[in-house]
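This report examines how parts of one protein chain are packed together. Please look at the sequence and the structure below before reading on.

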Amino acid sequence: MKVLEERIRQEGLILSDTVLKVDSFLNHQVDTALALQIGQEFAAIFGGQPVTKILTVEASGIQFAMAAGIALGVPFIYAKKKKAVTLSEAVYSAPVHSFTRQEDYRISISQKYLGPDDKVLIVDDFLATGAALVGLCDIVEQSGAELLGVGCVIEKSFQEGRSLLEQRGIPVHALARIASMSPGEVHFIEPKELIEESAGC
């Protein structure tokens with residue numbers, strides 16, 4: 001998604017070779033037109049599949065899950081990081097370690113919103129270590145629903161997240177795949193490299 005790559009180049013703040021801030025347009029202040037465009041891109045990728053629910057985790061995945069839900073015409077659910085007093089019914093839950101916050105927490109979803117009849121697409125803003133997405137996959141497995149795939153806005157391809165998901169047989173699609181980065185520069189995996197990767201070259 002070239003428009004996304006250009007925004008990352010122009011507005012992303014690269015604090016180190018592992019930390020990228022995109023809070024001016026994606027996950028603090030949100031460019032709503034770009035978010036909707038991202039949702040349409042996910043719909044183009046996954047639209048041929050029988051998606052019934054989109055799943056994400058609060059808070060940064062919510063806008064993209066909603067945009068994808070609008071484009072696909074299905075509801076989205078977000079896993080909560082802290083169990084609210086109003087969430088009194090049975091829940092699915094999984095432990096997650098946050099790389100950016102360096103803390104452990106449990107994510108949870110009410111069992112009444114996800115079940116064996118559902119076909120699930122997971123959408124999130126970042127794929128890096130994969131911890132949050134693995135937690136969401138565990139929740140889908142607990143529910144008996146079928147996981148159709150994972151869509152991420154930005155992937156740090158030099159970290160282990162993709163391999164953790166692919167080891168579980170989960171299709172992963174990222175709209176911008178970063179090969180490497182350092183303060184002042186970012187390199188994306190180009191289409192030719194993606195073709196070679198998929199061919200096992």
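Which residues are buried in helix 2? The model is a predicted one, and in it the buried residues of helix 2 are Leu34, Ala35, Ile38, Gly39, Phe42, Ala43 and Phe46. An α-helix has 3.6 residues a turn, so residues three or four places apart point the same way. The buried residues of helix 2 pack against helix 1, helix 3, strand 7, strand 8 and strand 9.

Helix 2 contains 15 residues, and the distance from its first C-alpha to its last is 21 Å, close to the 21 Å expected at 1.5 Å a residue. At the start of this helix, a side-chain oxygen of Asp31 comes to within 3.1 Å of the backbone nitrogen of Ala33.

In soluble globular proteins, nonpolar side chains tend to be buried together. The largest nonpolar core of this model comprises 31 residues, and Leu4, Ile8, Leu20, Leu26, Ile38 and Ile154 have the most contacts inside it. Two or more residues each come from helix 1 (2-11), helix 2 (32-46), helix 3 (62-72), strand 7 (119-127), strand 8 (146-156), strand 9 (172-182) and strand 10 (185-188). Among these contributors, helix 2 gives the most, with 5 residues.

Leu20 illustrates the packing. When its neighbours within four places in sequence are left aside, Leu20 is in contact with Ile8, Gly12, Leu13, Ile14, Phe126, Ile154, Lys156, Ile178 and Met181. A second, separate core has 28 residues, including Tyr105, Ile109, Leu136 and Ile170.

Is strand 3 mostly covered or exposed? Strand 3, which spans residues 53-57, is mostly covered, with 5 of its 5 residues buried. Both faces are covered: one side carries the buried residues Lys53, Leu55 and Val57, while the other carries the buried residues Ile54 and Thr56.

| Partner of strand 3 | Direction | Bridges | Residue pair |
|---|---|---|---|
| Strand 4 (residues 76-79) | parallel | 4 bridges | Ile54 with Phe76 |

Strand 3 and strand 4 also belong to a further arrangement. Together with helix 3, these strands make a right-handed β-α-β unit.

Conventions. Residues numbered from 1 in each chain as written. Predicted model: local features only at pLDDT ≥ 70, side-chain atom pairs only at ≥ 80, totals over all residues. Heavy atoms only, no water. Core = buried A, V, L, I, M, F, W, Y, C linked by side-chain atoms within 4.5 Å. Buried < 20%, exposed > 50% of the residue type's maximum accessible area, 1.4 Å probe, protein only. Contact = heavy atoms within 4.5 Å. Pairing = 2+ DSSP bridges. Right-handed = clockwise from strand over helix to strand, strands pointing away. Expected span 1.5 Å × (residues − 1). Polar contact = N/O pair within 3.5 Å; in protein donor to acceptor, adjacent residues only side chain to side chain.
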